[in-house]
Amino acid sequence: MDIKDCIFYKTLNILADFADWDTTVRLNHSLTAWCNHADSGFLHHETLLGKTKNIMMGVISSLSYMRLSIIQISHTHLLEEVIANKFQEYDIYRYHYIVFSHSISLLQDLLFKLTSTIWGLNIKHKTIGWKELKNELKKNNLTHIELILENFYKKFSKHIEKRNRFSHEGLLSYNSLDNFYMTNLWTNLSKNNDNKKTQYIRGTQKNIELLQKTKEKFIEELNQVVSDAEQCVLELCDLCMDKLLVQIDYEFMKKHHEHLKACNHKYLNDYLTQIGV
């Protein structure tokens, strides 16, 4: 399921739109109010919905950039200007994998922020570390949330670590990507090698098949990463749903209940019935 189609995201967007309208009317389009968020007179549920919506937009962007990276890696022909500047396929794959690994690292940061925002955890720093978040989750008996985030890190830590290493040292290594690189390297070296192996002679069928095989393996692994990442996001969103709704002001729900019900969103309508509006 696409994140945009999940119950949490749809419900959030409906409520956030009505909250934005209330805020605009009450603050009379005050630029100062919008800029000085802490002192602007925003109600708790307005702040919560606004922050959560921004985080979820970042989550969707991160997943989109991961998919875009895979599309770019999947291209079979290099642009003329790329070839003219002496870049090879390996350089292109490497570049887009860097974008991919940055996106997965950002996604983790956003899930940490989403958790802290929805549950109102006592974390003051803008950048939330896992150790600090884990302690807060334990204090608040949120072991189910801790498990999801821990599983996320275990699955994707190697990509996050590669992103960190590249960011700080300019170094990047990834098995499937390196397999393509070594195959391509041997292809070039075989030109001056009397003991040529058929699979490394550029242009031969074996060489074409071997390069394609290593590339397909690389793409397959990245697609699985995206699929697993989406699943983690959906699991966390499911757990956020009820906690978000109970923090929305009852009077806000009562004021907009007719228009909210007109949105024909079953989950939200069931909740409105449950709270008696």
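**Reading aromatic pairs and a pocket**

Tyr 97, Phe 100 and Phe 218 form one aromatic cluster. The model is predicted.

Q: What describes a pair of aromatic rings?
A: The distance of the centres and the angle of the planes describe such a pair. In this chain the count comes to 4 aromatic pairs. For Tyr 97 and Phe 100, the ring centres are 6.2 Å apart and the planes lie at 20 degrees, so this pair is stacked. The cut-off behind that label is an angle under 30 degrees.

Q: Where in the chain do Tyr 97 and Phe 100 lie?
A: Both belong to helix 5, 3 residues apart, which is about one turn of the helix.

Q: Are Tyr 97 and Phe 100 buried or exposed?
A: A residue counts as buried when its relative accessible area is under 20%. Tyr 97 has a value of 0% and is therefore buried. Phe 100 is also at 0% relative accessibility, so Phe 100 counts as buried.

Q: How do the rings of Phe 112 and Trp 130 pair?
A: Their centres are 5.5 Å apart and their planes are at 25 degrees, so this pair too is stacked. Phe 112 sits in helix 5 and Trp 130 in helix 6 (residues 130-139), so the pair ties together parts 18 residues apart in sequence. Phe 112 is buried, at 3% relative accessible area, whereas Trp 130 is partly exposed, at 24%.

Q: Which helices and strands make up the chain?
A: The chain has 11 helices and 0 strands. Along the sequence the pattern reads α-α-α-α-α-α-α-α-α-α-α.

Q: What do the contacts say about separation in sequence?
A: Taking contacts between residues at least 6 apart in sequence, 67% join residues at least 24 apart.

Q: How is the largest pocket read, by its space and its lining?
A: The space in the largest pocket is about 570 Å³. Its lining has 21 residues, and those nearest the centre are Lys 51, Lys 113, Ser 116, Thr 117 and Ile 123.

Q: Which helices supply residues of that lining, and how do the lining residues divide?
A: Helix 3 (44-74) and helix 5 (89-119) each supply at least two residues of the lining. By residue class, the lining of the largest pocket divides into 8 nonpolar, 9 polar and 4 charged.

Methods
Residues are numbered from 1 along each chain as its sequence is written. This is a predicted model: local features need pLDDT of at least 70, side-chain atom pairs count only at pLDDT 80 or more; totals for chains, interfaces and linings use all residues. Side-chain values use heavy atoms; hydrogens and water are left out. On a 1 Å grid over the protein atoms alone, a cavity is a set of points where a 1.4 Å probe fits but cannot get out, and a pocket is an open set with protein on both sides within 12 Å along at least five of seven lines; lining residues have an atom within 4 Å of a point. Grid points are joined across faces, edges and corners, and a volume is the space filled by probe spheres set on the points. Helices (H or I, at least four residues) and strands (E, at least two) are DSSP runs, numbered from the N terminus. Ala, Val, Leu, Ile, Met, Phe, Trp, Tyr, Cys and Pro count as nonpolar, Asp, Glu, Lys and Arg as charged, and the others, Gly among them, as polar. Contact means heavy atoms within 4.5 Å. Rings of Phe, Tyr and Trp (its six-membered ring) pair if their centres lie within 6.5 Å; planes under 30 degrees apart count as stacked, over 60 as edge-to-face and the rest as tilted. Buried means under 20% relative accessible area, exposed over 50%, partly exposed in between (1.4 Å probe, protein chains only).
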